[in-house]
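These are my notes from a first reading of the structure shown below. I record what I looked up, entry by entry.

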Amino acid sequence: MAKVYPQTAQSPSSSSSSSLCYETETFTIWMKSLIYHTNGCTVYDSNGDIVYRVDNYNRKCRREVFLMDLRGNVLFTIRKMKFSILGGWEGYRWIDSERSTSPSFRVKKLYRSGSRNQSVCEITVGFERFSLVKMDGKLAFRIMNINGEVVAEAKRKVSSNGILLGDDVLSLNANSQIERSLVMALVSVYGLIRRQM
């Protein structure tokens with residue numbers, strides 16, 4: 001299988017230099033499923049190997065999708081909340097082939113008018129809070145902690161030759177402040193919000 005190589009890891013930009021203390025890893029996200037005629041996304045590591053995938057076999061914007069590793073082991077079940085007016089999702093972690101009964105995270109879509117760089121979503125992981133902020137571009141976004149430090153940033157990928165790739169190919173820089181599979185689950189939620197899966 002052909003490999004996709006992300007750019008050299010760069011730390012996500014931040015107004016605070018303290019986020020530079022964390023180890024940063026770069027991923028390439030292709031907002032397409034590898035399975036013919038399905039929706040989803042495929043995530044490659046810096047070696048070009050597939051590490052995560054979301055396959056949506058039914059239709060776009062399903063009420064439930066599954067984040068899996070390369071072997072198809074489910075890491076998170078992501079469900080749309082039934083009675084959320086603006087839109088909300090819950091993520092249930094899988095441990096030893098069993099889904100947890102309580103959500104590991106919640107994402108609440110916010111309604112804000114005006115400024116471009118305002119939060120799109122509020123993320124709650126246990127007692128921690130993060131915000132997901134839309135950036136310029138179709139799918140570009142940042143995940144920020146409560147102190148305003150960028151913990152993950154996705155933007156349209158630029159090849160090593162300087163060629164801007166399609167809207168559905170993103171370069172994701174994530175630091176060690178937040179667990180990788182959780183970041184990928186949040187990427188999946190943002191894909192559902194933007195109707196890309």
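In what sense do strand S5 and strand S6 pair, and over how many bridges? I note first that the model is predicted. I found that S5, residues 74-80, pairs with S6, residues 88-95, in the antiparallel sense over 5 bridges. Within this pairing I located Ile-78, which stands opposite Gly-91 in S6.

**Entry: other partners of S6.** I then followed S6 to strand S8, residues 105-109, and found an antiparallel pairing over 4 bridges. Here Trp-89 stands opposite Val-107 in S8. I also looked up strand S7, residues 98-99, which runs antiparallel to S6 and is joined to it by 2 bridges. Trp-94 is opposite Arg-99 of S7. In the hairpin that S6 and S7 form, 2 residues lie between the strands, and I noted a positive phi near 50° at Asp-96.

**Entry: the chain as a whole.** I counted the elements next: the protein chain has 13 strands and 1 helix. Of the contacts with a separation of 6 or more, 35% are between residues 24 or more positions apart. The accessible surface comes to about 10800 Å², and 48% of it belongs to carbon and sulfur atoms.

**Entry: helix H1.** I checked the length of H1 against expectation. Its 14 residues should span 20 Å at 1.5 Å a residue, and because the end C-alpha atoms are 20 Å apart, the two values agree. I found H1 mostly covered, with 14 of its 14 residues buried. After the helix comes Arg-195, whose phi is positive, near 60°.

**Entry: the nonpolar core.** Which residues have the most contacts inside the largest nonpolar core? I listed Ile-78, Phe-105, Ile-123, Leu-132, Ile-143, Leu-172 and Leu-186, in a core of 40 residues. The largest share of this core, 10 residues, comes from H1, residues 180-193. I set beside this a general remark: in soluble globular proteins, nonpolar side chains tend to be buried together.

**Entry: Leu-172.** What does Leu-172 touch, leaving aside residues up to four places away in sequence? I found Glu-25, Thr-26, Phe-27 and Ile-29, then Ala-152, Glu-153 and Ala-154, and also Val-183, Met-184 and Val-187.

Terms used
Residues numbered from 1 in each chain as written. Predicted model: local features only at pLDDT ≥ 70, side-chain atom pairs only at ≥ 80, totals over all residues. Heavy atoms only, no water. Core = buried A, V, L, I, M, F, W, Y, C linked by side-chain atoms within 4.5 Å. Buried < 20%, exposed > 50% of the residue type's maximum accessible area, 1.4 Å probe, protein only. Contact = heavy atoms within 4.5 Å. Pairing = 2+ DSSP bridges. Expected span 1.5 Å × (residues − 1). Areas by Shrake-Rupley, 256 points an atom, 1.4 Å probe, with all protein chains shown as cover.
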